[in-house]
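Keep the structure open beside you as you read.

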Amino acid sequence: MASSPPTKRRRPNQSKDDSDEKPAAPPSSQEKLPPVVVFAHGAGAPSSSDWMRRWKEKLGKALQAVEVVTFDYPYITKAEKLVNCHEEVVKEAVAKYPGHPLVLAGKSLGSRVSCMVACKEDISASAIICLGYPLKGIGGAMRDEILLQLTVPIMFVQGSKDALCPLDKLESTQKKMKSLSGLHVVDGGDHSLKIGKKHLQASGSTQDQAEDLALKAIAAFLSKSLT
């Protein structure tokens with residue numbers, strides 16, 4: 001189903017270029033700039049995982065991003081510290097690329113923390129991309145509070161077999177949200193958007209083709225929300 005936003009210290013585990021690099025020159029008001037994407041990992045694997053590296057490249061190409069910044073959360077810690085770490089990385093990216101639209105992207109936990117960061121008064125995000133949003137919490141409770149607070153356009157990419165995000169619950173949440181939202185469902189996909197071999201064989205498709213469709217949906221949503 002297709003869709004219906006002085007010098008800093010270098011973080012030792014942050015996927016960025018030379019930390020001493022000077023910020024890009026501010027653009028003219030007429031120039032439409034590519035976004036800078038800050039991409040946060042999930043709880044199961046760091047930014048150096050194959051999944052994160054692959055999607056970092058895919059997002060960069062699909063969105064024609066000036067840079068896709070990845071980093072690692074300090075494990076294991078409270079949600080407040082995760083938000084503070086994430087917010088610091090975002091501010092560094094914004095300082096490096098003044099005037100470029102800021103897109104917050106995340107896998108699972110990273111997408112939820114991205115939403116928390118977007119709600120901060122001193123963060124001006126243009127859009128959020130959630131790859132496998134963990135709507136369902138421990139005990140089955142729906143964790144929709146932060147989504148209902150958002151005013152930033154948000155794009156959800158969810159696997160149809162993702163036990164952590166029942167699609168009917170997400171669609172109900174979308175109806176209550178203040179912000180513009182989109183949803184692309186990866187048919188047969190799990191929480192990491194991975195599709196089982198039997199499902200791929202039955203559909204005559206491939207994992208790459210399914211992911212390409214998701215990326216097209218993301219790009220189409222952002223082309224509207226970033227204008």
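**From the sheet to its helices**

Strands β5 (residues 154-159) and β6 are joined by six bridges and pair in the parallel sense. Within this pairing, F156 faces L183 of β6. Please bear in mind that you are looking at a predicted model.

Now step back to the whole sheet. It is an open sheet of six strands, in the order β2-β1-β3-β4-β5-β6, and its pairing is parallel. The edges are taken by β2 (67-70) and β6 (181-186); each has a single partner strand, so one side of each has no neighbour in the sheet. From one strand to the next, the twist averages 15 degrees. As a reminder, strands of a sheet pair through backbone hydrogen bonds, either parallel or antiparallel.

How does the chain build this arrangement? It holds seven helices and six strands, and from the N terminus on its elements run β-α-β-α-β-α-β-α-β-α-β-α-α. Of the 227 residues in the chain, 49% are buried.

Are the faces of β2 covered or open? Both are covered: E67 and V69 are buried on one side, and V68 and T70 are buried on the other.

Is K107 buried or exposed? With a relative accessible area of 13%, K107 falls under the 20% cut-off and therefore counts as buried. Leaving aside residues up to four places away in sequence, K107 touches F39, A40, H41, G42, W51, M52, L131 and S192. One of these, G42, is 65 residues from K107 along the chain, yet their C-alpha atoms are separated by 5.0 Å.

Helix α3 (residues 109-118) lies across β1, β3, β4 and β5, and runs at about 150 degrees to β3. α3 is mostly covered, with seven of its 10 residues buried. Which residues of α3 are the buried ones? They are G110, S111, V113, S114, C115, V117 and A118. These buried residues pack against β1, β3, β4 and β5, and also against α2 and α4 (145-149).

The neighbour α2 deserves a visit of its own. Two packed helices are described by the angle between their axes and the distance between the axes. For α2 and α3, the axes come within 9 Å and cross at roughly 75 degrees, so the two helices are roughly perpendicular to each other. In this contact, L82, V83, H86, E87 and V90 of α2 meet L109, G110, V113, S114, M116 and V117 of α3. The contact residues divide into seven nonpolar, three polar and one charged.

V83 has a relative accessible area of 7% and is buried. Beyond residues up to four places away in sequence, V83 touches V113, M116, V117 and K120. V83 and S114 are 31 residues apart in sequence, while their C-alpha atoms are 8.0 Å apart in space.

Our last stop is α1. This helix lies across β1 (36-40), β2, β3 (102-107) and β4 (127-131), and runs at about 160 degrees to β1. α1 also has a helical partner: the axes of α1 (residues 50-63) and α7 (residues 207-225) come within 10 Å and cross at roughly 45 degrees. That angle makes α1 oblique to α7, and the crossing is right-handed. On the α1 side, the contact is made by R54, W55, K58, L59, A62 and L63, and on the α7 side by D208, E211, D212, A214, L215, I218, A219 and L222.

Definitions and conventions
Residues numbered from 1 in each chain as written. Predicted model: local features only at pLDDT ≥ 70, side-chain atom pairs only at ≥ 80, totals over all residues. Heavy atoms only, no water. Axes fitted to C-alpha atoms, helices over the stretch in contact; angles between N-to-C directions. Helix = DSSP H or I, 4+ residues; strand = E, 2+ residues; numbered from the N terminus. Parallel < 35°, antiparallel > 145°, perpendicular 65-115°, else oblique. Left-handed = near helix turned anticlockwise from the far one by under 90°. Contact = heavy atoms within 4.5 Å. Pairing = 2+ DSSP bridges. Buried < 20%, exposed > 50% of the residue type's maximum accessible area, 1.4 Å probe, protein only. Nonpolar A, V, L, I, M, F, W, Y, C, P; charged D, E, K, R; others polar.
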